[in-house]
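Please look over the sequence and the model below before reading on.

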Amino acid sequence: ALEYRIIQLYSREIGRREAKLGFNVGQGTQDLGFRNTVPILFNAAPAVEVVLGVKDFDGEPTSAAFVIRDKRGNVYPNPARRLSPDFFFHNQIYRADGESVNLSPGEYTVEVSRGPEYNVQTHSLTVKPGVSQKADYKLTRWTHPATRGWFSGDHHVHAAGCAHYDSPTEGVTPADMLRHILGEDLNVGCVLSWGPCWYSQKQYFEGKTSALSRPNYLMRYDIEVSGFPSSHAGHLCLLRLTEDDYPNTKVLEDWPSWTLPVLKWGKEQGGVVGYSHSGWGLQLPDIMPDGSREMLKGYGTASDGWKGKAADKLPDYAMPRFDGIGANEYVVTVAHDVCHFISAVDTPSIWELNVWYHTLNAGFQARISGETDFPCIYGDKVGLGRIYVKLNKNQPLDFDSWILGVRDGRSYCGDGLSHILDFKISDQNKANKVSVGEPGSNKKLSTLELAKPGNVKVSFDVNALLAEKSTP
């Protein structure tokens, strides 16, 4: 049978270019003397530079994510031909006001977004033959927690490993990561070096906020303990470190083989430490939340014995296997007071919350935080899982205050599409003494203490951007 295919070719240079088109179906099937290779003369037409005007809701220049498609649905620039700062595993590219993209003349649809707090816009774009042209876009928000002192962050993203390439460079640079943090309106991004490309990426660790950071957009390099000897006991997020090499180690294999001494070391140097993607390994027998089976592909944790039903209670007294890459050793380290938080949002919530609720009920007070594990569990964008931290009124954003807010529980986590702001409790029975710990006091932070049982009044503001039709 004879088949035809239409292909689109790209060249770095315009004009008449000769290329050889070859064809075979595997080793040994080439024609003798490679007579199946045909020289063809092409005329490479010039692309058009499209300069993007990107203005925020208040008219100020900003950055945004752009997904550009032609009438056939093809994505531009061609993902397969991208190099950083554009990632080949994304449909979107990130551009700041005044930056450009090169496109062939034609008709396109442009989807413009900037993280979950913004409305997604769709525009038509006609690219006319010529040297360059301008396309202007103004973004709109549906919510803005930062104006009320709530600043977003993703404490678990990577610049190497998983979907990132290892060649021509070992991962990508801090400048590439900052572009994605800005384009998703993420106030804080913690870029964690880990096993893959460790010796290359650790050069970016400074023990402080990156100099590339912008006002209200901070980036810091720290560590995920993954691909280390202790990884079988759970992966760790070590944040706000001043030193990234465990004492008396020269290579990864020298690190401890369990997590308690690593967390203790991180905490002692002023770090904020906890477990990554906590749910992996803490799944409950006979329980598989809707959609989770698809999430588990590649993690080796799904079982044919699971019945596919959702849990209906928290906490659940079924015993997890503690055999994945999540908070396996959390029940040990939280009792030793060396674990500040467990991470959530990037694994099934029923598994994350189950172990957390058990330890809360036992009197331990580790916090819960939000993360993405970009681009491993979620490669679509940074900040799909987020933690929002409340700073004092009129206090400018700085990393230390923000990450200590994670440690102290001045926070809530989610996907950025729903928000519970300014949660307050007031005493309804004057005989009760209600106290909430404040920095500098001997009370535990983010803790409500009642002298005796009684009624309290709970108040908060809530807003959410929900789909018109609910989904699993």
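Which residues line the largest cavity? They are Ser193, Trp198, Gln201, Lys202, Phe205, Tyr221, Asp222, Ile223 and Asp244. A cavity here is a set of points, on a 1 Å grid over the protein atoms alone, where a 1.4 Å probe fits but cannot get out, and a lining residue has an atom within 4 Å of a point. This is a predicted model, in which local features need pLDDT of at least 70 and side-chain atom pairs count only at pLDDT 80 or more, while totals for chains, interfaces and linings use all residues. Residues are numbered from 1 along each chain as its sequence is written, and side-chain values use heavy atoms, with hydrogens and water left out.

A search of the whole structure finds 1 cavity of 30 Å³ or more, and the space in the largest cavity comes to about 30 Å³, where a volume is the space filled by probe spheres set on grid points that are joined across faces, edges and corners. Helix 2 (198–201) and strand 13 (218–225) each supply at least two residues of this lining, and strand 13 gives the most, with 3 residues. Helices (H or I, at least four residues) and strands (E, at least two) are DSSP runs, numbered from the N terminus. Sorted by class, the lining of the largest cavity has 4 nonpolar, 2 polar and 3 charged residues, where Ala, Val, Leu, Ile, Met, Phe, Trp, Tyr, Cys and Pro count as nonpolar, Asp, Glu, Lys and Arg as charged, and the others, Gly among them, as polar.

The largest pocket holds about 1,800 Å³ of space; a pocket is an open set of points with protein on both sides within 12 Å along at least five of seven lines. Its lining has 43 residues, of which Gln8, Leu9, Tyr10, Ser11 and Ser104 lie nearest the centre of the pocket. Two or more lining residues come from each of strand 1 (15–21), strand 2 (38–44), strand 7 (100–103) and strand 8 (106–113). By class, the lining of the largest pocket divides into 21 nonpolar, 9 polar and 13 charged residues.

For the chain as a whole, the secondary structure comes to 7 helices and 23 strands. Of the 472 residues in the chain, 46% are buried, where buried means under 20% relative accessible area, exposed over 50%, and partly exposed in between (1.4 Å probe, protein chains only). Contact means heavy atoms within 4.5 Å, and among contacts between residues at least 6 apart in sequence, 72% join residues at least 24 apart.

Why is helix 3 (residues 259–268) described as largely enclosed by the rest of the structure? The reason is that 7 of its 10 residues are buried, namely Thr259, Leu260, Pro261, Val262, Leu263, Trp265 and Gly266. What covers these buried residues of helix 3 includes strand 13, strand 14 (236–239), strand 15 (272–275) and helix 5 (330–333). Just after helix 3, glycine 270 takes a positive phi of about 85°.

The structure also holds 21 aromatic pairs. Rings of Phe, Tyr and Trp (its six-membered ring) pair if their centres lie within 6.5 Å, and planes under 30 degrees apart count as stacked, over 60 as edge-to-face and the rest as tilted. Phenylalanine 399 and tryptophan 402 form a tilted pair, 6.4 Å centre to centre with 35° between the planes. Both lie in helix 7 (residues 399–408), 3 residues apart, about one turn of the helix. Phenylalanine 399 is buried at a relative accessible area of 4%, and tryptophan 402 is buried at 0%. The pair of phenylalanine 423 and phenylalanine 460 is stacked, because the ring centres are 5.9 Å apart and the planes stand at 5°. Since phenylalanine 423 lies in strand 20 (residues 418–427) and phenylalanine 460 in strand 23 (residues 456–464), this pair ties together parts that are 37 residues apart in sequence. Phenylalanine 423 is exposed, at 52%, whereas phenylalanine 460 counts as partly exposed, at 40%.

Finally, glutamine 92 is found in the loop between strand 5 (75–76) and strand 6 (93–96), and counts as buried because its relative accessibility is 7%. Its side chain joins that of tyrosine 94 in a polar contact of 3.0 Å, and the side chain of glutamine 92 also reaches the backbone oxygen of aspartate 380 at 2.9 Å. A polar contact is a pair of N or O atoms within 3.5 Å; within protein, one must be able to donate a hydrogen and the other to accept it, and residues adjacent in sequence count only if both atoms are side-chain atoms.
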